[in-house]
Amino acid sequence: MADTLEKLLQNPRLWRGRDQAGNSNWQGLPSGYPKLDRHLPGGGWPQRALTEILLEHYGMGELQLLMPALARLSKPEDHEVSDEAGWIAWIAPPFQPYPPALLQWGINLSRILIVRPRQESETLWSAEQALSSGNCAAVLIWLDALDDYSSRRLQLAAEKGQSWAIAFRPLAALSQSSAAALRIQLISGEKGTDLGILKSRGGRPVVLRDYAG
Amino acid sequence: MTLSPEQRQPQRSRVHNSGSSHNLRVSMPSPKKSPAILREVSPTPPVTQPSLAPVAEQATLWAAPARRLWLCIYLPGLPHQAVRDTNAKEAMAVFEDKEGVRRILLADKEARAAGVVPGLAVNAALALLPTLRLQERSLQRERQALETLATWAEQFTSFVSIEAPDILLLEIAGSLKLFGGLSSLRQSIATGLDERSFGGLLSIAPTPLAATWLAKAGRRACIQEEADLAGALSELPMRCLGWPGSVNESLSGMGVTHVGDALRLPREGFARRFGAARLLELDRALGRLPDPRQSHRTPERFCSEYELSEEASASDLLLNVCQELLIELERFLLTRQLSVQRVLFSFFHLKEPATHLILGCVQAGRNIEHWFDLLKIKFDELELSAPVIVIRLRSGQSQALTARTSKFSFNDTGRQQSEPIAHLVERIGARIGDESIHGVRTVAEHRPQYAWMPADPAEVAVPSYWCEERQRRPLWLLPEPRQLHLEQGAPVYQGALKLLGRPERLETGWWDGDGIARDYYVAVNPAGIHIWIYQDRRSKGAWYLHGIFG
């Protein structure tokens, strides 16, 4: 009996949910929001993978959601060792990321890279380059359209460069499938912003009311 | 007893100097034939005394002359090498035009087999071998080939001297250790010459002239000690010295056919008959006199051309050629420990003006893979007006390569650090435009729109100034403030706005004509979006949206 079970557990096609996420070397990056961390497998943002954030309007708190984690990435504990690591690339941001505010959030400004491609295809290309280069700890991408194929490419590039890809997409993308390891949506709630986990590799869908509170 | 110039020094100085190699050389004549020219100086002051006197003095002054070793590369086939076409298969000969008479200078193996020998008239050669391909000698191309070879030879030593027309001298005493000894160095030079199909004769001697003569005589000699020089040179025929025919004739008339014979002649008589310069030349060859040489200075900038055999526009082919040129550039930079920040490709067409392509790189480098990546990206966008016939690569200002030692770390984070960030910046910049990728830094300025600046991402991080008190700032800033609609006198943004907290008044910048007088508020709309708005105190209280807290 135990033998059969063991065999079954070794079958890669068997989805083992939370256990597998917990026992692998998947160590999440603490988001800085304890309420959220509790619901993310690995206790934080999935690293080396694609995270999708779906939102109705820009400014719903999508940046504040990421800031504590990005601040941590941009300031490696040992500066001398990670000379080139920890770059944060912003690809095709809809407005100007404002450095004084980034500084207030504790981001190391000398690790910020802002890329403004002229076309959507260049956005994807730049994102892939940044992700796979191995320099960027995180790559933030603003995209209107992202098909399954492209999301898979981003996911692969993130794995290759051991980087964290974050794609911001409109709510309309809800119905599309995606290769992202984590998909969340931000909805304005009665008390602050609600965060819905739509898909989480190794986790469960859940809705968090006022995630920051 | 007669005294050599050296021996005529004061006795004290001799004793003092007895350990120097110079006196050692005098006291240890070569075992075979002693250079009698040293001894048989007549007591009367010789004609050449003014020029000989410094010898003794210099010998005393040289406390410890550094040991030198010269490797001579003699390229007798250079005229042929410089003009040959590697693709052609027919027999070939190089001719020289001397006062209207065209004579064969050099012939290759097949031509020689047919009886075409140097000195033959061109017409006679053609009669012997009608398929013979004839090329006129080109001194310019010989010089070019020699310079290219000198540049190549600089990888073995820092001192390469071009001795026109067909000789290179390399000072190799300092390189022996690096290249693992004399024989291995000699072997790698010989292999390199073979790869470039230069049939060269190599010989090694402590003085440049001796090495040259030995090479010209076809001896693959390797003499390391000055004491052995006289013996080795004695066996050389006089013609390898390259002296004028008249001198050689009168010498052979005296029965002097070898260098050893000349060395036995009395110095005075020799100098009177053939000129002091010839005597000095012998002294230099034997190491009795210093023989300074001029080092070949290679150009600081790289410039190389590749001529296609026919016009081409296929990008694969052109890229291949470009890659060849880049590899050449890399070799150039590697031997000089240089790096470049900018290279220029020029594509020449037959009838159109040339197309230029400049590649720039933030961090000076010499890694051609990176240049090639940039080239491929740029090449896609390049529009060639016509097929290309010649491609030229020139490097910009080069600078000394600054090497960085990487730190050894035990707690490796596992993130692959294969390339510096500058490479990523250049790659993206090459495709979408350099102005579209930048870093940021803050500026000590109260006006929100001026409180930051784009920065060069590759520059070393400068400390950011942010000395303002910690007033909350939005993560998104609108490029231009957007005027808000008013409903019943209050601003709205996707619904009625609720102002949070007290206003922050910014009134500054009056000195440069771009002053502001604004009251900034943090406001929240019904959807829960926090925004940064201000009331302009100058334009009748109009409201503007300036940032989103995100």
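Residues are numbered from 1 along each chain as its sequence is written, and chains are lettered from A and ligands numbered from 1 in the order in which they are written. Since the model is predicted, local features need pLDDT of at least 70 and side-chain atom pairs count only at pLDDT 80 or more, whereas totals for chains, interfaces and linings use all residues.

Chain B has 17 helices and 21 strands, where helices (H or I, at least four residues) and strands (E, at least two) are DSSP runs numbered from the N terminus. Of the 550 residues in chain B, 33% are buried; a residue is buried if 20 or more other C-beta atoms, placed from the backbone, lie within 10 Å of its own, exposed if 12 or fewer do, and partly exposed in between. Among the contacts in chain B with a separation of 6 or more, 58% are accounted for by residues 24 or more positions apart, a contact being a pair of residues whose C-beta atoms, placed from the backbone, lie within 7 Å.

An open sheet of three strands in chain B has the order β3-β2-β4, with mixed pairing; two strands pair if DSSP finds at least two bridges between them. Strands β3 (101–107) and β4 (133–136) of chain B stand at the edges, each with a single partner strand, so one side of each is left without a neighbour in the sheet. From one strand to the next, the twist averages 40°. The pairing of β2(B) with β4(B) is parallel and extends over four bridges, and in β4(B) the bridge partner of Val94(B) is Gln135(B). Ala93(B) also lies in strand β2 (residues 92–98) of chain B, and this residue counts as buried because it has 26 C-beta neighbours inside 10 Å. With residues up to four places away in sequence not counted, Ala93(B) touches several residues, including Ile104(B), Leu106(B), Val116(B), Leu132(B) and Leu134(B). Asp108(B) is another residue that Ala93(B) touches, and the C-alpha atoms of these two residues, 15 residues apart along the chain, are separated by 6.1 Å.

Further strand pairing in chain B involves β9 (residues 338–349), which runs antiparallel to β12 (residues 398–400) and is joined to that strand by three bridges; here Val340(B) has Ser398(B) in β12(B) as its bridge partner. Strand β9(B) is also joined by seven bridges to β11 (residues 388–395) of chain B, again in the antiparallel sense, with Val390(B) in β11(B) as the bridge partner of Phe348(B).

Helix packing in chain B can be followed around α14. Helix α13 (residues 267–274) and helix α14 (residues 276–285) of chain B pack at an angle of about 125°, with their axes 6 Å apart; axes are lines fitted to C-alpha atoms, for helices over the stretch in contact, and angles run from 0 to 180 degrees between N-to-C directions. This angle makes α13(B) oblique to α14(B), given that angles under 35 degrees count as roughly parallel, over 145 as roughly antiparallel, 65 to 115 as roughly perpendicular and the rest as oblique. In this contact, Arg267(B), Phe270(B), Ala271(B) and Phe274(B) of α13(B) meet Ala276(B), Arg278(B) and Leu279(B) of α14(B). The axes of helix α9 (residues 208–216) of chain B and α14(B) come within 6 Å and cross at roughly 95°, and these two helices are therefore roughly perpendicular to each other. Leu209(B), Ala210(B) and Trp213(B) of α9(B) make the contact with Glu281(B), Arg284(B) and Ala285(B) of α14(B).

The contact between the chains takes 45 residues from chain B and 46 residues from chain A. On the side of chain B that touches chain A, the elements giving two or more residues are α17 (421–432), β13 (437–442), β15 (476–483) and β21 (543–548). Strand β3 (residues 96–97) of chain A runs antiparallel to β15(B), joined to that strand by two bridges, and Pro97(A) stands opposite Trp476(B) in β15(B).

The largest nonpolar core has 88 residues, and those with the most contacts inside it include Ile91(A), Ile141(A) and Ala165(A); such a core is a set of buried Ala, Val, Leu, Ile, Met, Phe, Trp, Tyr and Cys residues joined through C-beta atoms within 7 Å. Its largest share, seven residues, comes from helix α4 (residues 62–74) of chain A. A second, separate core of 57 residues includes Leu69(B), Ile223(B), Ala232(B) and Ala285(B).

Technical notes:
Two residues are in contact if their C-beta atoms, placed from the backbone, lie within 7 Å.
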